[in-house]
Amino acid sequence: MLAGLMRRAERDLVMIWQKMNASASTTSCLMIKIKTTSVRALSEGIKATFAAAEEGGTAPAPQVYDLVLQAVGRTPDGRKIAAEKAGVAVTDRGFINVDIQMRTNVPHIFANGDIVGQPMLAHKAVHEAHVAAEVIAGEIQGNKELAAAAFNARVIPSVAYTDPEVAWVGLTEDSGLVRKAARSRRVCSRGMRQGATRA
């Protein structure tokens with residue numbers, strides 16, 4: 001039901017991916033602005049029925065598939081780890097709030113990764129873990145510099161693991177920031193003809 005692929009990425013970067021995959025069999029069946037209204041198991045397969053996500057739109061005819069994968073995203077749930085038994089506050093949505101040092105409302109308990117909120121990215125979690133470890137080590141060692149570590153990421157890189165990969169960082173053109181574009185070193189090193197990097 002999405003209005004487009006890779007929603008948070010620059011539209012022109014997504015267009016590069018779409019252009020390079022236009023003839024691929026995997027993209028020939030992509031349905032944008034469509035919602036699934038029913039899925040039924042039949043003897044010949046799984047029958048899916050569709051409707052337009054927007055008024056005035058059109059939907060494809062029902063189709064029968066061998067397999068259906070339902071992806072609904074992921075959400076952390078701090079209640080599953082019984083964080084409240086340690087006095088750690090868990091939000092209604094299952095997140096654990098932390099400060100810039102990754103400290104929870106219980107001063108000696110730290111948290112990082114998906115459970116502390118968006119974006120849910122491994123490289124963000126690793127950096128958060130480094131911050132927490134430095135703060136803890138600094139407090140134990142009496143090292144004021146380490147103990148002052150903080151997660152002050154102004155921008156966090158994002159990536160769609162596609163072929164070609166689509167990656168972005170910072171404000172988008174849609175947010176009003178105009179930036180220059182150039183070919184990516186990774187694109188050049190792989191001998192690809194298309195690709196862009198924005199600065």
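Author: A polar contact is a pair of N or O atoms within 3.5 Å, one able to donate a hydrogen and the other to accept it. Keep that in mind for this predicted model.

Reader: Which backbone oxygen does the side chain of threonine 104 reach at 3.1 Å?

Author: That of valine 106.

Reader: Where is threonine 104 placed? And is threonine 104 buried or exposed?

Author: Threonine 104 sits in the loop between E3 and H2. Its relative accessibility is 8%, so threonine 104 counts as buried; the cut-off is under 20%.

Reader: Which residues is threonine 104 in contact with, leaving aside neighbours within four places in sequence?

Author: Val88, Ile96, Asn97, Val98, Ile109, Phe110 and Ala111.

Reader: Which residue does arginine 103 meet in a salt bridge?

Author: Glutamate 139, at 2.6 Å from N to O. The pair links distant parts of the chain, 36 residues apart. Glutamate 139 belongs to helix H2, residues 122–141. Arginine 103 lies in the loop between strand E3 (63–65) and H2.

Reader: How do the two ends compare with the burial cut-off, and which one is buried?

Author: Arginine 103 is buried, at 13% relative accessibility. Glutamate 139 is partly exposed, with a relative accessible area of 44%. Beyond its sequence neighbours within four places, arginine 103 is in contact with Asn97, Val98, Ile109, Phe110, Val135 and Glu139.

Reader: What separates lysine 124 and glutamate 128 in helix H2?

Author: Start with the rule. An α-helix has 3.6 residues a turn, so residues three or four places apart point the same way. Lysine 124 and glutamate 128 are four residues apart in H2, so about one helical turn separates them. Their side chains meet in a salt bridge of 2.8 Å, N to O. Both lysine 124 and glutamate 128 are buried.

Reader: Which residue forms a salt bridge with arginine 79?

Author: Aspartate 77, with the closest N and O atoms 3.1 Å apart. Arginine 79 is partly exposed, at 41% relative accessible area. Aspartate 77 is partly exposed too, at 23%.

Reader: On to helix H1. Which of its residues are buried?

Author: Helix H1 covers residues 11–20, and Leu13, Val14 and Trp17 are buried there. Look down the axis: the buried residues of H1 fall within an arc of 100°, so they line one face of the helix.

Reader: Which strand do the buried residues of H1 pack against?

Author: Strand E5, residues 166–168.

Reader: Last, the nonpolar cores. Which residues of the largest core touch the most other members?

Author: Ile96, Met102 and Val131, out of 14 residues. A second, separate core has nine residues, including Met6, Val14, Ala160 and Trp168. Val14 is also one of the buried residues of H1.

Reader: What is methionine 102 in contact with, past its neighbours within four places in sequence?

Author: Its contacts are Ile109, Phe110, Ala111, Asn112, Val116, Glu128, Val131, Ala132 and Phe151. Glu128 is a salt-bridge partner of lysine 124, and Val131 is a member of the largest core.

Notes:
Residues numbered from 1 in each chain as written. Predicted model: local features only at pLDDT ≥ 70, side-chain atom pairs only at ≥ 80, totals over all residues. Heavy atoms only, no water. Salt bridge = Lys/Arg side-chain N within 4 Å of Asp/Glu carboxyl O. Buried < 20%, exposed > 50% of the residue type's maximum accessible area, 1.4 Å probe, protein only. Helix = DSSP H or I, 4+ residues; strand = E, 2+ residues; numbered from the N terminus. Arc of directions from axis to C-beta. Contact = heavy atoms within 4.5 Å. Core = buried A, V, L, I, M, F, W, Y, C linked by side-chain atoms within 4.5 Å.
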